[in-house]
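Dear colleague,

Please find the structure we discussed below.

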Amino acid sequence: MVEPILTILADPLAIALTLWILGDIVVERSGVINLAIDGIITFSIAVTFVAVQNIGYVQGLLISLASTIALSLIFATFINVLHAPHVLTGLSLNIAFYGVGALIGLRYMKSRSLVPIGIGKPILALIGVATAVLTWFTLYRSRLGTEIRACGFNPRAAEAAGVRVWRTRYIATIIGYTLVSIGSYIYTTIYRSGWSQYTGMGYGFLAITLAMASSWHPLIAYPIAIAFGYLYTSSYALQLLYGVPTDVVNALPFMVSLAVVVIVYATPLSKKVAMPKALGEVYFREERAA
Amino acid sequence: MARIVVVKRVLPPSLSILTRFLTAFIGFLIAVYITSVATGLGFSETLRTAFESFLDLNVFRYISVFLPIALGLAIAFNANLWNLGAEGQLVMGAVGATYIALFTPLGKMDYIAPIASLAFAAIIGLLWALIPSVMRLYLGVNEAVTTLLMNYIAYYFSSYLVKGPWRGRGVYGYTTTDMIPDASKLPVVPGYSFSWYIVVTAFVLVAIVYLLLYKTRFGISLRALSSSIAAVELAGISSKRLALAAFCISGAFAGFVGGAEILVYHRKLVEGSIVGSGMGFTSIMVAWLGGLNPIGIVISSYYTAALYRLSFALQIGSAAIGDALAKSIIGTLFAATIVAEFVSKYKIVVR
């Protein structure tokens, strides 16, 4: 009884998905529409792959973390300092990051695959649960988390209450993309253990979708991530056993998110679930008389 | 202590336009330089290839995609509605056109077939855009996120059709439908992959959208929506109906392009991600690059189309590296225009 449940909870794809979604939640809770996540995931998978192949597993993780966070800081600078519309920034940086990631991968790749890391199932399952709980604790039970959520809810009011919006958003971006980078590392070294051009493209948008379906709440996001991880890894079996077309399985998360959002908005639930209201708003800190 | 502050400023329109052109030009030179380093071609050689792609008649293949979609999006963006679903609306339009061309008797009638297919494609695109707009206007769901989701639903829907019920009988290993009947095809210019019919329609749409946005009551109140909904409502116009119309027009334009892609370029339905191939997303940047102004969009769609051509010229060496290089360059150029926009609207002061 315990074994099959553990297998589902320790599914590497589900764990990677969990970390991506949680990372996205932290960033979007600070009021930033996080479209650049798709490009950054694709990039960090490529970098992780070549770094692990050329240097080693531990160094690979460090290089992946450093480069992912560097890219996320570019994104955060566009949003905060350059006051760029979130959506346009995300879309254009995505195109650039897909390209640069693929160039690095093609240039330094030695072979198409690497030796996967063997990690015990209990540890993998623990990583998923612990990250979800920690993210929830940070967002809902710490001062920093309250500040992050305040920035996502109403940056002007937050600033008036003494929160430094730019700084908080930068911190949220760094925390979020640390999780994203670890997720990409797990995806590359444990789940996929191979790379081809643009591997990972689309997972970022999936993460954004599922984060929205969870109403940006870490503890709701965790079961959703596990469920969809399970669904994806078993989509082949579903097709063979019940004749469910793969495309239907692939479209499912998007349809479910749409349905969930409609239900939440159309019913009194929307008053219970606090969503980041200022999501996507370009925040300009008005000058005060000096 | 020195503090860095960002303050607003207003550049005169001429300077602001100059900034855009300068960014586009400098960005272009940098792109050529990086390309010449990466491919090992000489700088002047690369520059010549790049200029050739600007003069190549095949830019119309991309202009006929970017121009109509970006025009439609400009209408929606002017009303401050974030329609990010052009990609999905395009794919659904392609599905609609294929349906008329392949599965109805209309598809075999001369003259009627292309018109009916394109009209139906536009209608399907409109309906696909109607779903998120109704959700936005009557339930308050953020339209940027829902339109983005619906792109993927459209992708998978089209892939499901070509792998399942619509799969062609004579295609063997490929996941496509059968070819559409000859009567439905639009003639292409010999040696190129675009049709003058679509190009001319696109330029007619430029004139129509220009008149609509700047010379009619509808357009003026639409543009007022982004600054003050209350002012529009006080003028006795339903802001909801206005926004709904703007959204639907943008969906219909994208659907029309999807239909045209089938009748001119693909000539059968293929998987959704191949029909769209990210051009719907690029059109968002095109619309914005052109300053949401119909005339500006003509220029920006030409510029972007030429960059797309360039990316194919680069793929002579290795298709994989060429594509990655093209993506890096196009993405960086788009990001550079965002910086240009910042420079023309704000300045950084150290005090």
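The notes below take each chain in turn and then the contact between the two chains.

Please keep in mind that this is a predicted model.

Chain A

Chain A has 14 helices and zero strands. Along its principal axes, the C-alpha trace of chain A spans about 65 × 45 × 30 Å. A compact globule of 290 residues would have a radius of gyration near 19 Å, and the value for chain A, 19 Å, agrees with this. Of the 290 residues in chain A, 50% are buried. Among the contacts in chain A with a separation of 6 or more, 82% join residues 24 or more positions apart.

A:S193 has a positive phi, near 45 degrees, and is a residue other than glycine. For background, most residues other than glycine have a negative phi. A:S193 is found in the loop between helix 9 (165–192) and helix 10 (203–213) of chain A. Is this residue buried, exposed or partly exposed? A:S193 has 17 other C-beta atoms within 10 Å. A residue needs 20 or more to count as buried and 12 or fewer to count as exposed, so A:S193 is partly exposed.

Chain B

Chain B is divided into two parts: domain 1 (1–55 + 315–351) and domain 2 (59–307). The C-alpha centres of domain 1 and domain 2 of chain B lie 27 Å apart. Their contact takes six residues from domain 1 of chain B and five residues from domain 2 of chain B. On the domain 1 side, helix 2 (43–55) and helix 14 (319–345) of chain B each supply at least two residues. Helix 14 of chain B gives the most to that side, with three residues. By class, the domain 1 side has four nonpolar, two polar and no charged residues.

Chain B also has a pair of strands. Strand 1 and strand 2 of chain B run antiparallel and are joined by five bridges. Within this pairing, B:K8 stands opposite B:Y346 in strand 2 of chain B. Why does strand 2 (residues 346–350) of chain B lie largely in the open? Of its five residues, the number buried is zero, so strand 2 of chain B lies largely in the open.

A positive phi is found in chain B as well: that of B:Y111 is about 65 degrees, although B:Y111 is not a glycine. B:Y111 is placed in the loop between helix 4 (86–103) and helix 5 of chain B. With 8 other C-beta atoms within 10 Å, B:Y111 is exposed.

The contact between the chains

How many residues does the contact take from chain B and from chain A? The contact takes 42 residues from chain B and 41 residues from chain A. On the chain B side, the elements that give two or more residues are strand 1 (4–8), helix 5 (112–139), helix 6 (143–163), helix 12 (279–289) and helix 14 of chain B. Which of these gives the largest share? That is helix 14 of chain B, with 14 residues. The residues on the chain B side divide into 32 nonpolar, eight polar and two charged.

Yours sincerely,

A colleague

Definitions and conventions:
Residues are numbered from 1 along each chain as its sequence is written. Chains are lettered from A and ligands numbered from 1 in the order in which they are written. This is a predicted model: local features need pLDDT of at least 70, side-chain atom pairs count only at pLDDT 80 or more; totals for chains, interfaces and linings use all residues. Domain bounds come from an automatic or database domain assignment. Two residues are in contact if their C-beta atoms, placed from the backbone, lie within 7 Å. Helices (H or I, at least four residues) and strands (E, at least two) are DSSP runs, numbered from the N terminus. Ala, Val, Leu, Ile, Met, Phe, Trp, Tyr, Cys and Pro count as nonpolar, Asp, Glu, Lys and Arg as charged, and the others, Gly among them, as polar. Two strands pair if DSSP finds at least two bridges between them. The radius of gyration is taken over C-alpha atoms; the globule rule is 2.2 Å times the number of residues to the power 0.38.
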